[in-house]
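The sequence and structure are shown first.

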Amino acid sequence: MTPRTPAAVGPGYKWVALSNTTLGVLIATMDASIVIISLPAIFRGIGLDPLAPGNISYLLWMILGYLLVSAVLVVVLGRLGDMFGRVRIYNLGFLVFACASVALSLDPFRAGAGALWLILWRVVQAFGGSMLTANSAAILTDAFPAGQRGMALGVNQITALAGQFLGLLAGGLLATVDWRAVFWVSVPISVGGTIWSYLSLRETAPGRRGRVDWPGNLTFAAGAGFLLAAITYGIQPYGGNATGWGNPWVLAGLVGGCFLLILFCFIETRVAEPMFHLALFRVRAFAAGNVAALLTAIARGGLQFMLIIWLQGIWLPLHGYDFEDTPLWAGMFMLPLTLGFLLAGPVSGYLSDRFGARLFSTTGLLLVTASFLGLLALPVDFAYGPFAVLLLVSGFGQGMFSAPNTSSIMGSVPPEYRGVASGMRSTFQNSGTALSIGVFFSLMISGLASSLPSALSDGLRAHGVPAAAAEHAASLPPVSTLFATFLGDNPVQHLLGPSGTLDRLPAAQQQALTGHTFFPQLVSGPFHHGLTIVFGVAAAMALVSAVASALRGRHRLPDEGARRPAPLPGKTPAGPSLDEQGSR
């Protein structure tokens, strides 16, 4: 392998790298979530009802397509960054992202063709975003000395987490202007970022060219893709069941995906230059940090989606907000979560440079656990003050965890493996977010399926809906009602409008059924049952994450890991063991 000669840079270069990579991860993560709140406007703009039979797949792939691509490709692109230059792959990512943003804003089609255009270019955009997120942490780790690395990664990573929630707010605001504005906002930022990155960033770390691990790349991409796609379809109804986990194609995807990932692990222990350096998991800080990041991502993803449904489907309508306006206001009322990220992230990253990652990351996860338990104790129609405090605590805890944990992971590996380590870290985080949707939506749907049909049937009949129509509405899959609230549609109009039942009722009954209180009060009991399951599981995951974080080992001395020789698959470097590198 031919080593790559690092470029000489001035003392101010590290701040250029920080500002550019922070912009890159901000726009990449914002665009991962910006469509969630703006989906109603987007589907209205292209003339498609996503809740109509056969159309729900468009809805799911608009939400999950970006996440699936990000989860599958980041480790591959991190490895390519190690081989061909992290800045080169990062810059190319900005360019791809900019081109996809332009294409998304120019969707020329309507209905199904328009949705497919958006899904396709969202996938391309995710490919560019993955290039950005896979290499940004490695670029910063190269640019900053160990004594400032936690601060830099803290700013970068908290910006990435905040971007997920700022995307919700931006999507709600821009959708009120025009659905294309949701995609327009990315165009000037991504184009400007592309020009800036090509002009300012330099390769500052030595690298080694090598061969592409094609068997590993193909088996990992196929295995992770099959597994995550199966989880996506598992939350859709199948036959007479509320979910699709009994669908033979879903089962085949789960089994096939797991088999290919096992085969991938076997391949990686046999090839000379593997894509996924399994030897890095012998570094205690690397292994413990990634386990904690995976479980935290699952819990955080569940929190995000459940809060949106809670606010849009129940709390905001009960407090007088029209269903059509709830997507925007849900983003506004969740701002304390983002504020907690922004307050804790950079500070905890800076302090972890001096006192180590374990104290801050573990304490942060304990705060997250406490916030989940606090949310469990709230009534469905809560007072906003305690709710906002719990969101602030949750965001603060996640900020305390994320920056020190990322610094610990990246600082525990030798410099020439930082690209693949950054990609592996992002893979766990993105996979956790995608998994959370399958896990928590399934838990919520299962909870609703046990009690929602009878409550809905009784409530509709009490307001004059014929028994046959009430039973039909109650028999519809809960996922349809769940997504109706998620999209800001009035659920009763969604259930009774297409059949014409609603129009045949007296005006007083129509007004009562489609008002602000009927549906929220009707589903509050079943929803709280599902919410108890979801937040209980999330609290357990956060607690296990805290245990994993506590097991990462003692604080390393500055630059100690950077002086270690690179680990080779199946071997340990001379001197202290890999485990000692991460725990000293």
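## The crossing of H1 and H4

In this predicted model, helices H1 and H4 cross in a left-handed sense. H1 covers residues 13-45 and H4 covers residues 111-143; their axes lie 9 Å apart, at an angle of about 155°. Angles over 145 degrees count as roughly antiparallel, and H1 and H4 are therefore roughly antiparallel to each other.

On the H1 side, the residues that meet H4 include Tyr13, Lys14, Ala17 and Leu18 towards one end of the list, and Ala32, Val35 and Ile42 towards the other. Among their counterparts in H4 are Leu118, Arg122, Gln125, Gly129, Leu132 and Ala143. Sorted by class, this contact of H1 with H4 holds 13 nonpolar, six polar and three charged residues.

## Alanine 111 in H4

Alanine 111 belongs to helix H4.

## H2, H3 and glycine 81

Helix H2 (residues 56-84) and helix H3 (residues 86-105) form another pair, with axes that come within 8 Å and cross at roughly 145°. From H2, the residues in this contact are Tyr66, Leu77, Leu80, Gly81, Asp82 and Phe84; from H3, they are Arg86, Arg88, Ile89 and Phe97. By class, the contact of H2 with H3 has six nonpolar residues, one polar residue and three charged residues.

Glycine 81, in helix H2, is one of the residues that meet H3. Is glycine 81 buried or exposed? Its relative accessible area is 0%, so glycine 81 is buried. The C-alpha atoms of glycine 81 and tyrosine 417 are 9.6 Å apart in space, while the two residues are 336 residues apart in sequence.

## Helix H7 and what covers it

Helix H7 runs over residues 186-200 and has 15 residues. From its first C-alpha to its last, H7 reaches 20 Å, close to the 21 Å expected at 1.5 Å a residue.

Which residues of H7 are buried? They are Ser186, Val187, Ser190, Gly193, Thr194, Ser197 and Ser200. The cover over these buried residues includes H1, H3, H4 and helix H6 (181-184).

Tyrosine 350 sits in helix H12, which spans residues 335-355. With a relative accessible area of 45%, tyrosine 350 is partly exposed.

Serine 394 is placed in helix H14 (residues 384-411). Its relative accessibility is 1%, so serine 394 counts as buried. Which residues does serine 394 contact, leaving aside its neighbours within four places in sequence? The contacts are Leu303, Leu337, Val368 and Ser371.

## The chain as a whole

The chain contains 21 helices and two strands. Of its 584 residues, 60% are buried; glycine 81 and serine 394 are among the buried residues. Considering contacts in the chain between residues at least 6 apart in sequence, 83% join residues at least 24 apart.

Conventions. Residues are numbered from 1 along each chain as its sequence is written. This is a predicted model: local features need pLDDT of at least 70, side-chain atom pairs count only at pLDDT 80 or more; totals for chains, interfaces and linings use all residues. Side-chain values use heavy atoms; hydrogens and water are left out. Axes are lines fitted to C-alpha atoms, for helices over the stretch in contact, and angles run from 0 to 180 degrees between N-to-C directions. Helices (H or I, at least four residues) and strands (E, at least two) are DSSP runs, numbered from the N terminus. Angles under 35 degrees count as roughly parallel, over 145 as roughly antiparallel, 65 to 115 as roughly perpendicular and the rest as oblique. A crossing is left-handed if the near helix is turned anticlockwise from the far one by less than a right angle, and right-handed if clockwise. Contact means heavy atoms within 4.5 Å. Ala, Val, Leu, Ile, Met, Phe, Trp, Tyr, Cys and Pro count as nonpolar, Asp, Glu, Lys and Arg as charged, and the others, Gly among them, as polar. The expected span of a helix is 1.5 Å times one less than its number of residues. Buried means under 20% relative accessible area, exposed over 50%, partly exposed in between (1.4 Å probe, protein chains only).
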